[in-house]
Amino acid sequence: MSAPTPTSPPRIASNAAETIDARGRQAGELSLPPSLQQFADDAERLPTDELIVNMGPSHPAMHGTVRIVLRIDGESIKDADVQVGYLHRGFEKESESATYTQIFPYVDRLNYVSPMLNNVGFAMAVEKLLGITAQIPERAEYIRVIVGELARVADHLTCITASLAELGGLTAFFWGNRAREHIWDLLEDVSGARMTHSYCRIGGVAWDLTRDFDAKCKVKLAKVRGLVVDIRKLVDRNRIFLDRMEGVGAISADDAISYGFTGPCLRACGVAYDVRKDHPYSVYEHFDFDIPIADAGDNLARYLVRIEEIEQSMRIVEQALVQIPPGAVIVDDPLVALPAKREVYNSIEGMIAHFKHIMDGLRVPVGEAYSYTEGGNGELGFYIVADGSGRPYKNRCRPPCFYITAALRQLIVGANIADVVPIFGSLNMIGGECDR
Amino acid sequence: MAARLLEFLTRERPAALVETGAHVGDEIAVVHREHLVEVLTLLRDHAETKMNMLSDLTVVDYLGQQPRFEVVYQLYSIPRKHRLRIKVRIGDDDGECWVPTATGLWHSANWSEREAWDLYGVRFEGHPDLRRILMYEEFVGHPLRKDYPQNGRQPLIRRPDAPATDDQTTRLLADSHDRRVS
Amino acid sequence: MTTSDPPMPSRPRSATIILPAEPPPPIATTRTASPTTVKPPENKVAPAPVAPNLDAVPRPGEATVKLTIDGEQIEVRKGTNVLEAAKLLGRDICHFCYHPGLSIAASCRQCLVEIEKNPKLQPSCQQPVAEGMVVHTESPVVLEARRALLEFTLKNHPIDCPICDKAGECTLQRHYMDHDHQLTRVDVAKIRKAKHKDIGREIVLDQERCILCSRCVRFCDEIPGTGELTMTFRGDHQNLDIADGHRLDNAYSINVVDICPVGALTAKDFRFAIRPWELKATPTTCQGCATGCAIELQHKHEDAYRIVPRHDPDVNGHWMCDEGRYTYKELASDKRIRHARVDGQEVPLGHAIASIARRLRGNNKKVAAVFSGTATNEANRALADLAALLGAERFVLGRTAGKTDELLRDADKNPNMRGAIAAAGAAKHEGELGLELAGRAYDAVLFLDGTFELSEVVRSALGAINSVCLSDRITPLAEACSIVLPATSWGETLGTTINRQGRLRVLQPAWRPEGDRRERADLLRDIALALGERDLGSSRDRSAAIAQEFDHAGLDQLTREPIAARPTLLRFSNTRG
């Protein structure tokens, strides 16, 4: 017995309206033979169970290992449980037995895509406790701003390019990585490492910028600008990108503030809070720069804020390179800074000072302080309790993306599975910072 | 600027305060646990203070002192641009080691209170979902407490379907006490 | 009781049993009078070395003096010096040559303070307190004097910190960081002297590092009285040296390493062993002899590195003897017994306890219980309870007697012979133990400790009967016994001993015992439970009871609060200021 032949071949029409047939199906849907059609109709009427699906922790899109347990009904998410902590390394506990200078490698590894900003934040907290904030030499402040803003550029590039890669826009990913390499080249020249620099010290920075930093920086920043412009050309009006990002993952300003959002995620909701402008620290008052604000609070807004901030950070760096004065790069206080190596090897006083600085740590008087700077993700705070010795009694990092990730559940419940990836990507959760 | 906050609190809720002070420019107010939610609500809602963000919530363990723990709230006001640190002191006995939750006031308290419970063992009464957040569920103890050793060992977690081994190493590792008194 | 107690014998008391050439010495035995009573040995107890410099806390019934230091009025004992008075206010005036246990030299001039109505700065260690005196310890002229003096001291100091033992606990380093932050102003070659000069059995001298405080010279003159060290020449050429033809070989020589503020005098045993900031200190009691000096056992994790005396005005003053310092070597980890052994086979502890119960069960078993002068009161008392349950014959054994002197060393090298004898009650003499064991008079013998020295014949007899030894380390006796239970060493025990003065001395654990090691009292309790007898109580309970009995607040706190038992960081290395 031969198989029944279909009644008519599938028709593809240019005008969608005329192809909506009796069952309401649109063009492109194949018409099925009657036996299979019955089956498909029955299937549409069957109730479906909700499914528990696990995303992560080992997942290419779960940056820095996060596990999201989803309860889905078809494609839409009914409930979610965001589980963090997979990258918890005991930063606070380790800090309690390390000297203040030994903590710099630890803070590097908090927000590891913008480590310089962590360095600066922590150094400022200890300097606040020591009371030497006013004595930091100006050159050191300018250097901190320069490397900090370069780190911010690298942070935003990472967030944007990783998001785009997850959406399928690999070209932008490679271009963005190229731009990041330029930044890392500069930071490697300064500190010796591409990512975990440990460059700052209490009272200043470890050593001066390289002699050709100025020239190199200008060249690199021009290249970065070019690459960012290219990325924007590809992405800003891209239909697919806009469809997936606009209106997705929106949060209201009130909710955002209640969740403790700060940084680009908060500015994307229309709230103009930036620590550099509202509570200027270091030498940020000397620069002319803008704070990009968006209103929608969705993925697209967060993307736009970040990509504009890259340009603003580069403006700051260029102004700083012009304004930077010559001078010392660390405070001239023997209780805080190590003596020069010439003294250490040739005099007992230098030897003792170096020895006790390293072994005991620089002694911070009893007290506590909460110091906050604008990190890559927002208000990066350090709450340090000092007990008079060279090691902190408590060293709490206020991680900006911890509070932002707490809102992830609210953002993805009601959305589709496919939206989880862009939403999560646009929040820029860095595992090292969230879990510490 | 922030000194006005302490004056405000002293004026509005003097009974709630244990002490006020400042250090290196940060204003600090220590309140009684019974008045904590009241003070936090006042600070959040009053027109003069409008502290709409709970910036951070953490605990400090002053082992050896009574009371042992200090729960520290860092409050910030975006419209008024001022900050305040609120602290509550609690002991570590079972009936003592708790604080009312702030999740009704700010959403950011949800996760930070979970973290405080996880790492310090401080309960937050009224929290909708007080479970561990950074450590795994089978973790024993509260690691950031000062009497938890820095190199503590944890019991091995056996998969439910795996048989118990007689391996001496496993037996030794399964001893959940750290032999180094540090 | 009725016999008059003989004075300290000149012959050592021996625990070797084989056919002694002469009858056992008459001490501590009452064979003639009552064969089963043993009395504690009576010693001529030398008083603790008195510190010549009084501490300033006012005592009731003594004259006091009111003075003002830095604007604060205090009342202190009359006859103290200003430096001690300032300690009451928490002010630690920096000094090098002053030591509360030694005479005052006032040679370093580091402790200079400003006293009103005095035209020149006065050394506070030498200045006795006077009524109405007004003292300034932080005025600009004092701070400048301190800084200038440190500059002078450092001028000739070698740049040895990386290779110097004292680095990390060096007074010179600490005072530099606290009071002098200037870099050097001179560029002149430093004076060269002898380095790493071997001057004694225990000590190495580095003359360049010496800051000429003369503490060691005064110590050797005053405490052991031997006076080997001396200062030669004067002025720029002054030099610490050993007297010609002499060696620094007195029995208290390692104390000079503790009191030397810098690394000029270092102990051969500790040289380059470890850095002090890696160490933690546990206050405990020396187990070398019946004096029971208060010590700090300094260790890293579970390895002991050295012993340092603590100040105890009633027992040892500021000092301890060299023999006692070496007792930390007993705690070495390579010799530790971590698991129980039955007939040479390692078994889980539960098996071993069950084995012992099986072998001891039965009314016709004759058991000997051997108490130990080197074990704690808790252990001895637990054995007493168990011996009562078993109807065992009791013996008390200890280490052989050793050297003694007027100062701190006691001939009785057992830290707790008094406690052991008190716990044992009616016990037989040790000499008889060997004979009876060799003659197979017992079916089982329980040794509380493994440190006894028994002869070859006796040890070989042990293999044939049921012999149990509770030992913390591998010893000939432990190897000879058929069952060995792993016990805690004195470094891991919370326990007490009774010293020659009848005082209660406390042992604090420095680390938790590894493997199956348990307190002896807890092991004996498990044996009793395995025999079906009553619960004898844990070692911790016994310690608490002893704390009540002797009204010892410190021990009471230790038993109740585990936090109190944690080791602490060393005094001024690491971060404790």
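Predicted model: local features only at pLDDT ≥ 70, side-chain atom pairs only at ≥ 80, totals over all residues.
**Notebook: chains A, B and C**

I started with one pair across the B/A boundary: the side chains of K81(B) and D278(A) form a salt bridge, 3.2 Å from N to O.

**Entry 1: where B meets A**

I looked up the rest of that boundary. For chain B and chain A the rule gives 10 salt bridges. I also got 30 residue pairs in polar contact, with both partners at pLDDT 80 or more. Which elements of chain B each supply at least two residues to the side that touches chain A? My list reads β2 (26-31), β3 (53-61), β4 (69-76), β5 (83-90) and α3 (108-120). The largest share is from β3(B), with 8 residues.

Next I wrote down the extent of the contact. It involves 43 residues of chain B and 45 residues of chain A. Interface size is often quoted as the accessible area lost when the parts come together, so I looked that up too. For chain B with chain A the buried area is about 3700 Å², and carbon and sulfur atoms give 52% of that.

**Entry 2: chain B by itself**

I counted 4 helices and 7 strands in chain B. Going from the N terminus, I read its elements as α-β-β-α-β-β-β-β-α-β-α. Of the 182 residues in chain B, 49% are buried. I then took the contacts in chain B between residues at least 6 apart in sequence, and 49% of them join residues at least 24 apart.

**Entry 3: where C meets A**

For polar contacts between chain C and chain A the count is 1 residue pair, both at pLDDT 80 or more.

**Entry 4: chain C by itself**

Chain C has 15 helices and 23 strands. I have 577 residues for chain C, and 56% of them are buried. Among its contacts between residues at least 6 apart in sequence, 65% link residues at least 24 apart. The accessible surface of chain C is about 24100 Å², and 52% of that belongs to carbon and sulfur atoms.

I also picked out one residue, D551(C), which sits in the loop between α14 (539-550) and α15 (553-560) of chain C. Is D551(C) buried or exposed? Its relative accessible area is 68%, so I noted D551(C) as exposed.

**Entry 5: a helix in chain A**

Last, I looked at α7 (residues 213-235) of chain A, which has 23 residues. Its first and last C-alpha atoms are 32 Å apart, close to the 33 Å expected at 1.5 Å a residue. Its buried residues include F213(A), C217(A), L221(A) and V235(A), and K220(A) is one of them as well. What do the buried residues of α7(A) pack against? I noted α5 (138-167), α6 (170-191), α8 (239-245) and α12 (299-323) of chain A.

Key. Residues numbered from 1 in each chain as written. Chains lettered and ligands numbered in written order. Heavy atoms only, no water. Buried < 20%, exposed > 50% of the residue type's maximum accessible area, 1.4 Å probe, protein only. Contact = heavy atoms within 4.5 Å. Areas by Shrake-Rupley, 256 points an atom, 1.4 Å probe, with all protein chains shown as cover. Expected span 1.5 Å × (residues − 1). Polar contact = N/O pair within 3.5 Å; in protein donor to acceptor, adjacent residues only side chain to side chain. Buried area = accessible area lost by both parts, 1.4 Å probe. Salt bridge = Lys/Arg side-chain N within 4 Å of Asp/Glu carboxyl O.
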